[in-house]
Amino acid sequence: MSTPQSAATTDEVVIDCRVKKIFYGNFLAVRDSHVPILKNKITGFIGPSGCGKSTVLKSINRMNDLVRSFRFEGEIRFEGQDLYAKNVDPVTVRRYIGMVFQQPNPFSMSIYENVAFGLRLARYKGDYDARVEEALKGAALWDEVKDKLKNNGMSLSGGQQQRLCIARAIATRPPVILMDEPASALDPIATRQIEELMVELKKDYTVAIVTHNMQQALRVADKTAFFAVDISRGGRTGYLVEMGDTRELFENPREALTREYLSGEFS
Amino acid sequence: MSASPDFSRNFTDPRALKSFILSTITVGCAILACIPLFSVLAMLILRGGRRFSLELFTSLPPTAFDSGGGFGNAIVGTVVMVGIASLIAVPFGIIGAIYLAEFGPHTRIATVARFCAKTMTGIPSILAGVFAYSVVVMVTGTYSAVAGGIALSLLMLPTVMLTAEEAIQMVPAIMREAAVGMGCTPTQAMWKVVLPKAMPGIITGVMLAIARAAGETAPLLFTALFSDYWIFQGGAGDLMEPTASLAVLIYNFSGMPFENQIQLAWAASLVLVLMVFTLNILSRLIGQRKK
């Protein structure tokens with residue numbers, strides 16, 4: 001839980017994610033995790049593998065619906081509305097909550113069409129060229145591709161492809177962007193560029209990022225949520241151990257488990 | 001170690017010798033596999049090439065004791081009937097493949113449909129002809145190009161559907177996830193992202209199915225029969241009449257005791273093989289273009 005002082009009136013909660021239970025079939029993947037995502041801040045999810053951080057992130061924009069055995073108990077409120085209410089259309093949800101995946105996955109179309117994709121979906125009636133340029137600039141990719149917008153998106157390098165995916169995600173200016181280990185498939189230089197990009201993005205967007213690299217969380221995240229695996233009841237169930245300001249969490253963790261993870265005793 | 005080992009090639013070593021012999025045999029078998037194709041082509045070019053001329057494409061088949069003539073109507077007939085077959089097989093095949101690959105891969109319907117398609121790829125083509133005879137010819141009361149087209153579509157549909165399903169499944173899952181993540185409905189994700197990426201593979205499958213259908217004789221014997229006239233007379237076309245086709249022409253003419261007709265049968269064989277060849281090469285080019 002974030003400390004009372006930081007949950008002041010200036011920090012608005014955009015997504016109030018309250019997980020009771022997440023199942024894949026009969027397997028309890030995550031339990032009891034309350035993760036508030038604050039506006040114009042970067043919230044980092046860290047923890048050992050299998051702790052459910054990606055599962056919780058993907059639940060926020062209903063991407064887990066693609067898995068047949070997925071079952072969500074709890075609520076995720078976006079500006080007050082529960083995204084798991086009965087009559088909610090997940091397709092619409094995903095147009096307001098964008099996602100950048102671990103593997104860069106541009107479409108097999110021109111760079112321009114990749115970025116314009118969301119605009120076309122939303123039947124945007126304005127100036128496509130201007131929005132595409134704005135998105136590519138926002139993703140720090142414009143200078144590198146402005147002369148080859150017609151080239152296929154898959155002809156770019158890995159780091160460029162990932163920035164293209166970010167440009168594609170921000171072209172429609174969604175209020176929230178989720179990033180699932182966006183730099184883990186990239187080399188260190190590309191990783192640094194993505195991290196700098198994230199810090200720029202938070203001026204206009206709310207960002208939540210899953211990372212297995214805790215130094216990355218230290219570098220970019222304003223708030224950090226630490227998840228771990230609970231084996232006490234027989235299975236391997238993820239849960240939120242603690243959450244708070246990144247500096248606070250890293251320097252003065254409240255839980256012993258957090259301290260052990262941060263000092264590298266397990267990963 | 002006393003002396004340095006001898007690394008030089010040594011064919012007295014039984015293992016090396018065995019490996020060399022077997023490797024040579026594999027090369028030999030590969031070359032052997034090419035022989036039928038090249039010898040058929042050579043034979044057709046030699047025998048059929050003699051008769052090759054523009055007249056083949058513009059004239060009608062000669063009667064018993066005539067000289068000259070061609071098989072223009074048979075070429076048109078083949079194209080028309082394969083066209084009708086494609087108009088049926090391609091849309092149904094692709095849309096069915098979309099269901100098999102995307103919307104219901106594990107449902108009972110999909111399992112049954114896949115099984116039926118796989119069985120149908122092995123069906124003797126004459127049975128497609130017999131089926132189309134009882135369903136179309138007997139009902140409409142006439143042999144027709146439409147009946148022939150329907151018979152051919154039965155042979156094309158399984159191939160189109162199975163190769164299209166495979167092509168759609170080959171589109172990386174992360175690309176589909178990206179489309180869904182952008183807020184596409186399942187239909188939008190398929191139409192805007194997955195199908196365009198799968199298109200080269202789908203087109204390859206379609207062209208191979210067309211190449212097969214173009215060469216089938218048995219189904220046409222019961223459905224389109226044959227004709228010595230053009231389909232399109234004086235501007236209008238009549239698809240409900242018996243129609244000529246290259247395959248049936250070859251079958252008919254090669255059995256006749258007339259040198260003229262036999263020569264035409266060779267020439268028609270050459271034309272048919274060239275058509276099938278071109279379709280195969282085109283399908284490879286399209287399949288590779290997008291890589």
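In chain B, 75% of the contacts with a separation of 6 or more join residues 24 or more positions apart (a contact means two C-beta atoms, placed from the backbone, within 7 Å). This is a predicted model: local features need pLDDT of at least 70, side-chain atom pairs count only at pLDDT 80 or more, and totals for chains, interfaces and linings use all residues. Residues are numbered from 1 along each chain as its sequence is written, while chains are lettered from A and ligands numbered from 1 in the order in which they are written.

**View 1. The fold of chain B holds 11 helices and two strands.** Helices (H or I, at least four residues) and strands (E, at least two) are DSSP runs numbered from the N terminus. The C-alpha trace of chain B spans about 90 × 60 × 30 Å along its principal axes. Of the 291 residues of chain B, 39% count as buried, that is, with 20 or more other C-beta atoms within 10 Å of their own; 12 or fewer makes a residue exposed, anything in between partly exposed, and C-beta atoms are placed from the backbone.

**View 2. Two helices of chain B, α3 and α4, are worth a look.** With 32 residues (72-103), α3 reaches 45 Å from first C-alpha to last, close to the expected 46 Å; the expectation is 1.5 Å times one less than the number of residues. Look for the bend of about 25 degrees at B:Ser86, given as the angle between axes fitted to the seven residues ending there and the seven starting there. Helix α4 (108-120) has 13 residues and reaches 18 Å, close to the 18 Å expected. It is hardly covered, with one buried residue among its 13.

**View 3. The largest nonpolar core has 154 residues.** Such a core is a set of buried Ala, Val, Leu, Ile, Met, Phe, Trp, Tyr and Cys residues joined through C-beta atoms within 7 Å. A:Ala167, A:Ile177, B:Val160, B:Leu246 and B:Ala268 touch the most other members. Helix α6 (145-169) of chain B gives the largest share, 16 residues. Leaving out residues up to four places away in sequence, B:Ala268 touches B:Phe71, B:Ala74, B:Leu246, B:Leu249 and B:Ile250.

**View 4. Where the chains meet, 14 residues of chain A are in contact with 13 residues of chain B.** On the chain A side, α2 (90-96) and α3 (111-121) each supply at least two residues. That side divides into eight nonpolar, four polar and two charged residues (nonpolar: Ala, Val, Leu, Ile, Met, Phe, Trp, Tyr, Cys and Pro; charged: Asp, Glu, Lys and Arg; polar: the others, Gly among them).

**View 5. A:Ile42 sits in strand β3 (42-46) of chain A.** A:Ile42 counts as buried because it has 26 C-beta neighbours inside 10 Å. Beyond residues up to four places away in sequence, it touches several others, including A:Met198, A:Val207 and A:Val220.
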